[in-house]
Amino acid sequence: MIFMEEKISFIKDGLRLDGRRPDELRPIKIEVGVLARADGSCYVEMGKNRVIAAVYGPREVHPRHLQEVTRAIVRYRYNMASFSVEERRRPGPDRRSYELSKVGREALEPVILTSYYPRSVIDVFVEILQADAGTRTAGINAASVALADAGIPMRGLISSCAAGKVGGEIVLDPMKEEDNFGDADMPIAMTPSGEITLLQMDGGLTIDEFHEAMELAKSGCRQIYEVQRKVLIERYSQLEGERGEQAEVTACD
Ligand code: ADP
């Protein structure tokens, strides 16, 4: 309420409301393989956002008329838990979740080698457990790692984050207050080679500001990519090690 009544100063002495510099991401944490029954899964924290992604497939398509003879179809469901926001959200799909499911799928599909699995489906479920702006980007980051964890062949990982404009400045990874009361929010998703697979904008930016925001968002995606890559390497070298140990035990027996 205070934010509505007073003109809020989003940046003071070069720092934002949560103490970040304008070009700084919120703290990010990624865990791989968190769900036993999914083929691939991932848990992501980006600031106060808490997101889980589960991947199932490639598997048989139901209903069957949806199947494609030359490739797998990708389904992506973004869902916000009713307890994920301050005021209880009415459960079930709404306009926003349909939009975010569509853009999430479109952000990931370009890197998935769907032609390897004709007549099948790859299902991606993204559950938002706690929301603080940037849930679509956190969801895409989690889904990308979960797809890799499921062993789905991809041309690369997709990394996603937003840049915005608050208090006349371009900032990286806006949190809730900045998103609500700022002038613009621009989420993107990107391949490791810099190909953009998601670009949306809420609010307005000049052409120069747009270029600045794009460079900043890309730098954020590159930082997120490094974390995604690191956790996947750690997870699989650990599994490899465990397998090696088991083989040794068997050899000794
Ligand atoms: P994103 O989460 O990708 O930034 P939006 O810009 O639509 O997507 O939403 C910004 C934030 O607004 C969300 O992260 C969440 O904190 C809040 N929000 C979105 N939808 C609702 C809702 N139905 N009820 C309460 N808060 C919401």
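1. Arg-105 is partly exposed, with a relative accessible area of 25%, where buried means under 20% relative accessible area, exposed over 50% and partly exposed in between, computed with a 1.4 Å probe on protein chains only. The side chain of Arg-105 forms a salt bridge with Glu-109, and the closest N and O atoms are 3.1 Å apart; the term stands for a side-chain nitrogen of Lys or Arg within 4 Å of a carboxyl oxygen of Asp or Glu.

2. On the basis of the note: this is a predicted model, in which local features need pLDDT of at least 70 and side-chain atom pairs count only at pLDDT 80 or more, while totals for chains, interfaces and linings use all residues. Residues are numbered from 1 along each chain as its sequence is written, and side-chain values use heavy atoms, with hydrogens and water left out.

3. How many salt bridges does a search of the whole structure find? The search finds 24 salt bridges, and one of them joins the side chains of Asp-173 and Arg-20 at 3.8 Å, N to O. Asp-173 lies in the loop between β9 (169-172) and α4, and Arg-20 in the loop between β2 (15-16) and β3 (28-32), so this pair ties together parts that are 153 residues apart in sequence; helices (H or I, at least four residues) and strands (E, at least two) are DSSP runs, numbered from the N terminus. Asp-173 is buried at a relative accessible area of 2%, and Arg-20 is also counted as buried, at 4%.

4. A further salt bridge brings together the side chains of Lys-29 and Glu-45 at 3.9 Å, N to O. Since Lys-29 belongs to strand β3 and Glu-45 to strand β4 (residues 40-46), the pair ties together parts that are 16 residues apart in sequence. Lys-29 counts as partly exposed at 38% relative accessibility, whereas Glu-45 is buried at 16%. Salt bridges that share partners also join Arg-16, Asp-18, Arg-20, Arg-26, Asp-132, Asp-173 and Glu-178 into one network.

5. Turning to the ligand, the residues around it are Met-80, Val-85, Arg-96, Ala-131, Asp-132, Ala-133, Gly-134, Thr-135, Arg-136, Lys-176 and Asp-179, a residue being included if one of its heavy atoms lies within 4 Å. By class, this shell has four nonpolar, two polar and five charged residues, where Ala, Val, Leu, Ile, Met, Phe, Trp, Tyr, Cys and Pro count as nonpolar, Asp, Glu, Lys and Arg as charged, and the others, Gly among them, as polar. Helices α3 (135-149) and α4 (176-181) each supply at least two residues of the shell.

6. For aromatic pairs, the rings of Phe, Tyr and Trp (its six-membered ring) pair if their centres lie within 6.5 Å, and planes under 30 degrees apart count as stacked, over 60 as edge-to-face and the rest as tilted. By this rule the count comes to two aromatic pairs. The rings of Tyr-56 and Phe-125 have centres 5.8 Å apart and planes at 75°, so the pair is edge-to-face; it links distant parts of the chain, with Tyr-56 in strand β5 (residues 49-60) and Phe-125 in strand β7 (residues 120-130), 69 residues apart. Tyr-56 is partly exposed at 24% relative accessibility, and Phe-125 is partly exposed at 26%. Tyr-116 and Tyr-117 form a tilted pair, 6.4 Å centre to centre with 55° between the planes; Tyr-116 is exposed at 53%, whereas Tyr-117 is partly exposed at 27%.

7. Some backbone geometry deserves a check, given that most residues other than glycine have a negative phi, and most peptide bonds are trans. The peptide bond from Gly-57 to Pro-58 is cis, with omega near 0°, and Pro-58 lies in strand β5. The bond from His-62 to Pro-63 is cis as well, with omega near -5°, and Pro-63 is found in the loop between β5 and β6 (73-80). Asp-13, in the loop between β1 (11-12) and β2, has a positive phi near 50° and is exposed at 76% relative accessibility.
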